[in-house]
Structure formats: structure tokens, C-alpha cells
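Hello,

Here is the structure I promised to pass on to you.

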Amino acid sequence: MSKSEQKPQATSFNKSLFGSDNNPSNIMPAKLTADSNLKFSCHPGVSCFTSCCGNINIILTPYDILRIRRPLNLPAEEFLLRFTTPVFLEKTDLPGVKIHLDENGRCPFVTEEGCTIYPYRPTTCRYYPVGMSYFHAAGNEGTTAEEFYFLVKEPYCKGHEEPKEQTIREWRAEQGIDESDEMNREWMEIVMRRKSFGLQATLSELAQKMFFMASTDLDKFRDFVFNSSFLDTYEVDAETLEKIKTDDIALMKFSCKYLASSIFGTKDLSIKAEKVRARVEQNKTSQGDAEKLAMETYEELRRDRDLLKQKIETQKKTDQNG
Ligand code: SF4
Ligand code: SF4
């Protein structure tokens, strides 16, 4: 049977970065740990090979974008234009990107032979068919996340019929997930925390633009840091500054600190003391203005009251004399 005959019907595959919201009927109910057994293998010999590389939403993390575009030797802007579509990250008001599928609904990186970017494939593709749930109690700072794994078992995925068995820990190492998780951690925490706010919370358009830029286009973010008033406003030590000039990973991590402090007001990045003083002075001035206005109003009322008093006195005298 040819591969095209074996393709499943147009089905939305359950490769998801953000937990178990899609196709819940295919999620196995058991909570798994890193030591749980996984009976699964995906390789060019499976009859469904590459079938799951279409009709799919693959959200890209900042690290995914960096990792894929580097070997392709593409600047961020060109990569974004050619291979991605803007999307709101699941159940948040945060804009990000997903892989732009071709006219047949297939991933642009898939061929009959498999994934052409396999060593640099996105985090979502590495995880499938395992999902990881973060349970951030209300997503607040300081709360610990309960992490567990779950298995996605879709009928068309023949990898579950393969004899290979290993622990989830071994499978994670094989798929390079540990490194991806470490690189994605701060960004994912921002997204999950924002998700916990619910859709009623809306960021300003400017904040959304900043999130999108920092999450998708590190070239532009670097330009923003070094060629705007950014460094007049934020305290950045000389060592970090030197590093983020050329090191994309350091810049990516720095961008997460900036996003966390600007979206949630965390202390990851401090505003310069003179900027804080200027803000206090501004507040004092506006407080002074308010006091001045209150005094003027009081004086006006007193003048009116004196005038009225005078009028009444005059009226009384007129009445007595009349
Ligand atoms: S990036 Fe690779 S593994 Fe992921 S959907 Fe595309 S072709 Fe498949
Ligand atoms: S075994 Fe599963 S993951 Fe591998 S190609 Fe088939 S459907 Fe995709």
C-alpha cells in the first residue's frame, strides 16, 4: 500500500504544546510519571509514517524558531513570513505563531522520506504522543507546578503497536525533550500564567505587540534593546549587555525576563533609580496640582459665601430702614 493510501482521513492531530484540550477522547486517563513505561516507537518503517505531519497545529516557541531558522540560515523575519501563521496562543490574549501548512494541509517540512528538519524539529513534534500537563494553581508566582505526563492514543497512529518499550525518562532523552524544556521553560511559564488569567484579561495592543516581537523575532528585539530608550529605562548589568549583543540564547532568556516584568510586574528586570525618582516626582507634582486646585476651589467657595453674607446683611439693613 502506498503512503498516500494509508493517510488517515482529514483529522486534526493531537500534537499540542499546551496540554490536553484537544480531542480529549484520545487522551488515556492514567497520569504517568517519568518512570512510567511507554510502549511506542515511530520510525520510517511504520505504515502511518508522516501521516501525522498534516492537519495539525504546531505552535512554535521562541527556541523552536531559533533552532529551526539557524540551519536554514534565515533571518527571523523571512522565516516568519515563509513558514508561519500568526495565532493567539491557546486560551490567552498572547499572540504567537504556528507552522503554516501547505495547500494540502501538510507541514512544509515533510517529504515522503520524513521530516527534513528532524534534528531541529519543534518541541511539539518531539513530545507526541506524550503530553505534559502543568497544573499551576492559579498560575501565581511562588506556587509549585504539579507536572505529570499523559498518553495520546489515536487509532491511526501505529507507533503504539510497535514492540519497543522504555520509560518516559528514556524516551524524553531520546527525543531531546530535556533540552527543549529547559530552553522553553521561562516562556512557557509566562504563557501558562497568562492562560490562568482567563480570556477576560486583555493586554494592551502595545503589550501584545511587544510579546509577539520578543517571542518570534529576536533580531527585532535586539534592535529594540540597543536602539531605543530601553537601556535608559531598565537596569541591565554590563556582562548581560555584552552577552545579549551576540548570543541569541542569552537574548531569548533575557526577553522572557523583560516580558515577565512588563506583563506581570515581576522583579526580573529593574527600572533605573532615576526613572523611579522621576516617576515619584511626577506623582508628587500631580499631587501638588490636585492640592492647589482644592485650595482654589475652597477660596472660590469662601468668596461666594462672603458675597452671599454681604448680600444678606445689606438686605437686612434695607428691610430695617424700610
Ligand atoms: S516539523 Fe517535522 S515532525 Fe513536525 S510536523 Fe513538520 S515534518 Fe512533521
Ligand atoms: S507512528 Fe504515530 S507519530 Fe509516528 S508517523 Fe505514525 S502517526 Fe505519526
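Which helices do the buried residues of α11 pack against? They pack against α2 (62–72), α6 (177–197), α7 (205–216), α8 and α10 (238–246). Please keep in mind that this is a predicted model.

Let's start with α11 itself. This helix covers residues 248–264, 17 residues in total. From its first C-alpha to its last it reaches 24 Å, close to the 24 Å expected at 1.5 Å a residue. Its buried residues include Leu251, Met252, Ser255 and Tyr258. Just after α11, glycine 265 takes a positive phi of about 70 degrees.

Is leucine 218 buried or exposed? Leucine 218 counts as buried because 22 other C-beta atoms lie within 10 Å, and the cut-off is 20 or more. Leaving out residues up to four places away in sequence, leucine 218 touches Leu66, Ala76, Asp248, Leu251, Met252 and Ser255. Leucine 218 and isoleucine 249 are 31 residues apart in sequence, yet their C-alpha atoms are 9.5 Å apart in space.

Finally, the sheet. Three strands form an open, antiparallel sheet in the order β2-β4-β3. The edge strands, β2 (59–60) and β3 (84–88), each pair on one side only. Between β2 and β4 (residues 95–99) there are 2 bridges, and isoleucine 59 stands opposite lysine 98 in β4.

Enjoy exploring!

Technical notes:
Residues are numbered from 1 along each chain as its sequence is written. Chains are lettered from A and ligands numbered from 1 in the order in which they are written. This is a predicted model: local features need pLDDT of at least 70, side-chain atom pairs count only at pLDDT 80 or more; totals for chains, interfaces and linings use all residues. A residue is buried if 20 or more other C-beta atoms lie within 10 Å of its own, exposed if 12 or fewer, and partly exposed in between; C-beta atoms are placed from the backbone. Two residues are in contact if their C-beta atoms, placed from the backbone, lie within 7 Å. Two strands pair if DSSP finds at least two bridges between them. Helices (H or I, at least four residues) and strands (E, at least two) are DSSP runs, numbered from the N terminus. The expected span of a helix is 1.5 Å times one less than its number of residues.
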